[in-house]
Amino acid sequence: MKGLKSDAARAGLLTLADYAGKAREGMDPHVWDFIEGGAGQERTLAANSEAFDRVRLSPRVLAGVGRPDTRTEIFGQAWSAPVAIAPMAYHTLAHSVGEVATARAAGSAGVPFVVSTFAGRTFEDIAAHASAPLWLQVYCFRDRATTRQLIERAEGAGFEALVLTADAPYLGRRLRDLRNDFRLPNGIAPANLAGTGFASPGDHALAEFDAGLDWSVMEWLRSVSSLPIVVKGILSASDARAACMAGAQAIVVSNHGGRQLDGAPATLEVLPEVVAAVPGTCPVFLDGGIRRGGDVLAAIALGADAVFLGRPVLHGLAVSQEEGVESVLGIIVDELTEAMALTGTRSIEDIGPGLVRSEAGTSSVVEAIKQPSPDESELRKEELHGSLRDPVLDTMNFLNEITHRYPDAVSFAPGRPYDGFFETEQIFTYLRRYLAHLEAGGASPDRVRSALFQYGPTSGQIREVIADWLRKDEYIDVAPEAVVVTVGCQEAMFLAVRALISEPEDVLLVSSPCYVGITGAARLVDAELTAVAESREGFRCADLERAIHAERARGRRPRAFYVIPDHANPSGTSIPLGVRKELLELASREGILLLEDSPYRLVSPGQQLPTLKSLDHDRRVIHLGSFSKTLFPGARVGFVVADQKVVDDKGGTGLLADELTKIKSMVTVNTSPVAQAVVAGMLLAADGRASELNSKTAAYYGEAMRVTLEQLEKVFPPDEREALGIYWNAPSGGFFLALTVPFRADNIALGRSAEEFGVIWTPMSYFYPQGGGEFGIRLSVSYLTHAEIADGIERLAQFVRAEAHTSAPQPAP
């Protein structure tokens, strides 16, 4: 590659424009016009490049980025740069080696190649020379058998995705070709359509392409292939949403796959609105106008995950075959690397809209890229904390949007208590009970009034009541001073992580899958997080021990391990007693702390296993708790038990709870005294035993879980389960269970499930902080009646069967 670049440089081929000029010199003028003419209106295509010309990049100096990393990952595969070769017909027009040379060059560059249906070489020939991913551009013919045959051949040759050109039925008038009366030269023909009667695009397009296509074609494509489907030709937010809802696993913003309105918007102008329409749902690519590495950077900054590079590839092929294509790709990546360095950008993930400015006076571009002018007061998102761009936030927002969009659907998504247990008058009854408790303890009227109306102590004013409950119900014997009352368990997590993670090398380990709240808390304080994957049977200490040693080998310091031992969210699994004891021994031996979060114990039927904290004799466990699932969700009262001793540099000692209180004083100041009073009144009314208050609720949730499991057994008989590869666990309590399915249970599948079958669930992938869970569904049983559960499981079964029949088999776990 170095020698090639030197040769190209000596020949004066330093930019893509140089290659275009050189290719034009050596090419038949009519062939050049065919390659450059495009399929749609020439004015629209020119607008793509002009839009990039109006964009300016914001330089940064002394950023210390070193050599930027251009690598990215799409569909689980590593790309050397966010660039793919766009689908173009008849590479053999540029040179007789055609797509074979292009495939070899793509492999050398480490980028995918989208092969046109009208390729001049066969799929099998191209694949034999490819070492990078090949995707097939799909045109849908009226004769679906022809389309199916092409897809099957490509899939058999090892192609990895389908790119449906959505605007193909209207190829448009190729004005240059009409003026030139151009016909394909002898020997140039669509190699993969031999025997079908198709000769050239102009001869067959309007007659043979299916002009009546609608979004149902996506379902047909899924029925004939298991490959991911990319929809090309998207130019509006509404079409982007429709594509994703129809099952597209990526979309391409493109305006030259077919006939476009004269003066249609440039791809760069519509990119931001398309990205905003499908946040975090699927990758978005841009095709059109890329001629410099800075164009790639601009497209990524405005939301594209990658770009397609088209005509310059044919220019390189025409100039010097495979070497020319390699050089063209090398130029674009080198220019991208340089642009990243000059804008202070270390990696593709660091690229954001703050790098892009528009040329003064070009209002259309200003509107398109949604960039504020200096005198506006709007904030730039990329200048806010990075956690606000975390995909988890977008996915949870998507789940909420789906829930609101389909209010009549049966929803197994919310993990909240059943409404039927609460009565408004209870609030006043329990509030009076706590006030009576204060009076009985000798509190004056002023003290009682202050307990409700004033801030109260930061550490909480009901710590004694909580400590008494912990001793009676959970056999956790700690002094009230070791308890901090928090705003729900979420604040307890935040306080613990903020206190423990103090250095860049500190690491928080989490059992994976895990509750999203802990990953969010870690992200807010920029804490490094390492997932410890559970096996299908649940948590294993050996996996944690390996993770601890691996982190230390990397020069990092594992500080704590977060785990939900009882009926975990999201999986529903529980840790056996023997493993709990083993875990405590491991924590002591390795010198780490355990963050035990256990909100589902008291809402589960039967005798519960001891908490880690009740078994803890070495003060290795920080116990996190909440009354939201058990007593009063709206009160948002949680707590943390932190009885670990803290020694200062002068030899003084205190409790970790004291340090957490200091942090809380700067975050929420205190937990609502009224909310604390009601929760305390509930505990006091039951003589400090929340288990008494939850006996009926635990029985209800136990029945809900039993009904759910029975319905699953009913709708999926053993033979069908085995045939489809469906299985689920059977938790003994809690709110959740996990269902494994033979297809990707992502946001796209969730959208189809809600719209077409009226049932909502949560993708398990939300709960894997470092990837995983793509074939899993979380079902929450807590919020539904038995009748709703039966109805919902029946709908779910219909969806799973329909999806399974159009998807690839799920890999063995």
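Author: Helices (H or I, at least four residues) and strands (E, at least two) are DSSP runs, numbered from the N terminus. By that rule, the protein chain has 31 helices and 27 strands. Bear in mind that this is a predicted model, where local features need pLDDT of at least 70 and side-chain atom pairs count only at pLDDT 80 or more, while totals for chains, interfaces and linings use all residues. Residues are numbered from 1 along each chain as its sequence is written, and side-chain values use heavy atoms, with hydrogens and water left out.

Reader: How much of the 813 residues in the protein chain do buried residues make up?
Author: Buried means under 20% relative accessible area, exposed means over 50%, and partly exposed is in between (1.4 Å probe, protein chains only). Here, buried residues make up 56% of the 813.

Reader: And what share of the contacts links residues 24 or more positions apart?
Author: Contact means heavy atoms within 4.5 Å. Taking contacts with a separation of 6 or more, 74% are between residues 24 or more positions apart.

Reader: Which residues of α13 are buried?
Author: Helix α13 covers residues 293-301, and eight of its nine residues are buried, so it counts as mostly covered. The list runs Gly 293, Asp 295, Val 296, Leu 297, Ala 298, Ala 299, Ile 300 and Ala 301. After α13 comes Gly 303, with a positive phi near 115°.

Reader: How do two helices meet, say α17 and α26? At what angle do their axes cross?
Author: Axes are lines fitted to C-alpha atoms, for helices over the stretch in contact, and angles run from 0 to 180 degrees between N-to-C directions. For α17 (residues 424-440) and α26 (residues 673-685), the axes come within 7 Å and cross at roughly 80°. That makes α17 roughly perpendicular to α26; the cut-offs are under 35 degrees for roughly parallel, over 145 for roughly antiparallel, 65 to 115 for roughly perpendicular, and oblique for the rest. On the α17 side, the contact is made by Ile 427, Tyr 430, Leu 431, Arg 433, Tyr 434 and His 437, and α26 brings Ala 677, Val 678, Ala 680, Gly 681, Met 682, Leu 684 and Ala 685. The residues of this contact divide into ten nonpolar, two polar and one charged. In that scheme Ala, Val, Leu, Ile, Met, Phe, Trp, Tyr, Cys and Pro count as nonpolar, Asp, Glu, Lys and Arg as charged, and the others, Gly among them, as polar.

Reader: What about empty space inside? How many cavities of 30 Å³ or more are there?
Author: Rolling a probe the size of a water molecule over the atoms shows where empty space is left. On a 1 Å grid over the protein atoms alone, a cavity is a set of points where a 1.4 Å probe fits but cannot get out, and lining residues have an atom within 4 Å of a point. Grid points are joined across faces, edges and corners, and a volume is the space filled by probe spheres set on the points. The count comes to one cavity of 30 Å³ or more, and about 100 Å³ of space lies in the largest cavity. Its lining includes Trp 469, Glu 474, His 623 and Phe 639. Strand β19 (residues 621-626) gives the largest share of that lining, three residues. By type, the lining has five nonpolar, five polar and two charged residues.

Reader: Is Glu 551 buried or exposed?
Author: Glu 551 counts as buried because its relative accessible area is 4%. This residue lies in helix α22 (residues 541-553), and, leaving out residues up to four places away in sequence, touches Val 507, Thr 530, Arg 556 and Pro 558.

Notes. On a 1 Å grid over the protein atoms alone, a cavity is a set of points where a 1.4 Å probe fits but cannot get out, and a pocket is an open set with protein on both sides within 12 Å along at least five of seven lines; lining residues have an atom within 4 Å of a point.
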